[in-house]
Amino acid sequence: MGIIGDSLDQADQEVFTRPIPKTAAAQTRFLLKQAKGSTKAVAQRLGVSQRTVQRYLAGRRKHPTPAVATRLEAEVRKDWQPCIRKHARTRAATTGGITVETRARFGFTAAPGTTDDARTRRITQHLPPAYAARLFHARATGATEQQLRDIVAEGLQEQYFQDVGRRAHDLLVEFTDIDYLDLTY
């Protein structure tokens, strides 16, 4: 993924109402339920043998290797509480919007005589629901990281730099060198 895709995943996980299962057996049972009882599908998803999945389920193997434990937790997080995620995304896309906190380099294309040198800024800005809806739709349709970045840059341009059309009408923002990005909704 990329920094914006990862930030969207993290934002999804912040809306969970219950923690994910802790033990390997419980996580494997959850994945088995998602796979409709197919230990073969779970094994393929985790990159282990079908017999290893059966051992986790039976409790004969309790501690997976660090690599498998990481994959197991990541796969559970992908499918955990889908209705809660969907409800939070719908709320953000229709009424709530999305908050962007970032430290990145912003450069500008503006009218002659103004300062347009790129510099690092730390910005926390709430974007309206339309940008959240565009971001979720783009992600669901397989948009690239650059396309997601452009949507966030456009939202920051309008909301933060142009102050919703009250100033800097001709300003175009370049959003590069992202140090960190945190999205919440």
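In the predicted model, helix α7 has a buried set of residues made up of Tyr131, Ala132, Leu135, Phe136 and Ala138. These residues cover an arc of only 165 degrees around the axis, which puts them on the same side of α7. The face of α7 turned away from this buried side carries His137 and Ala140, both exposed. The length of α7 was also checked: its 12 residues should span 16 Å at 1.5 Å a residue, and the end C-alpha atoms are 16 Å apart, which agrees. Gly142 follows α7 and has a positive phi, near 85 degrees.

Helix α1 was examined in the same terms. Its buried residues are Ile4, Gly5, Ser7, Leu8, Ala11 and Asp12. Seen down the axis of α1, the buried residues fall within an arc of 160 degrees, so they line one face of the helix.

The largest pocket in the model has a volume of about 270 Å³. It is lined by 13 residues, of which Asp9, Asp12, Arg85, Arg89 and Arg139 are the closest to its centre. At least two lining residues are supplied by each of α1 (3–14), α5 (66–79), α6 (82–96) and α7 (129–140). Helix α1 gives the largest share of the lining, with four residues. By class, the lining of the largest pocket comprises seven charged, five nonpolar and one polar residue. Asp12, one of the residues closest to the pocket centre, is also one of the buried residues of α1.

A search of the whole structure finds five aromatic pairs. In one of them, the ring centres of Phe30 and Trp80 are 5.0 Å apart and the planes stand at 65 degrees, so the pair is edge-to-face. Phe30 belongs to helix α2 (residues 24–34) and Trp80 to the loop between α5 and α6, so the pair ties together parts that are 50 residues apart in sequence. Phe30 and Trp80 are both buried.

A stacked pair is formed by Phe106 and Phe175, at 5.2 Å centre to centre and with 20 degrees between the planes. This pair links distant parts of the chain, as Phe106 lies in strand β1 (residues 98–109) and Phe175 in strand β3 (residues 172–184), 69 residues apart. Phe106 has a relative accessibility of 0% and therefore counts as buried. Phe175 is buried as well, with a relative accessible area of 4%. Ring pairs join Phe106 and Phe175 with Tyr160 and Phe161 in a cluster.

Strand β3 also contains Leu172. Leu172 and Ile20 are separated by 152 residues in sequence and, from C-alpha to C-alpha, by 42 Å in space.

How values were computed. Residues are numbered from 1 along each chain as its sequence is written. This is a predicted model: local features need pLDDT of at least 70, side-chain atom pairs count only at pLDDT 80 or more; totals for chains, interfaces and linings use all residues. Side-chain values use heavy atoms; hydrogens and water are left out. On a 1 Å grid over the protein atoms alone, a cavity is a set of points where a 1.4 Å probe fits but cannot get out, and a pocket is an open set with protein on both sides within 12 Å along at least five of seven lines; lining residues have an atom within 4 Å of a point. Grid points are joined across faces, edges and corners, and a volume is the space filled by probe spheres set on the points. Ala, Val, Leu, Ile, Met, Phe, Trp, Tyr, Cys and Pro count as nonpolar, Asp, Glu, Lys and Arg as charged, and the others, Gly among them, as polar. The expected span of a helix is 1.5 Å times one less than its number of residues. Buried means under 20% relative accessible area, exposed over 50%, partly exposed in between (1.4 Å probe, protein chains only). The arc is that of the directions from the helix axis to the C-beta atoms. Rings of Phe, Tyr and Trp (its six-membered ring) pair if their centres lie within 6.5 Å; planes under 30 degrees apart count as stacked, over 60 as edge-to-face and the rest as tilted.
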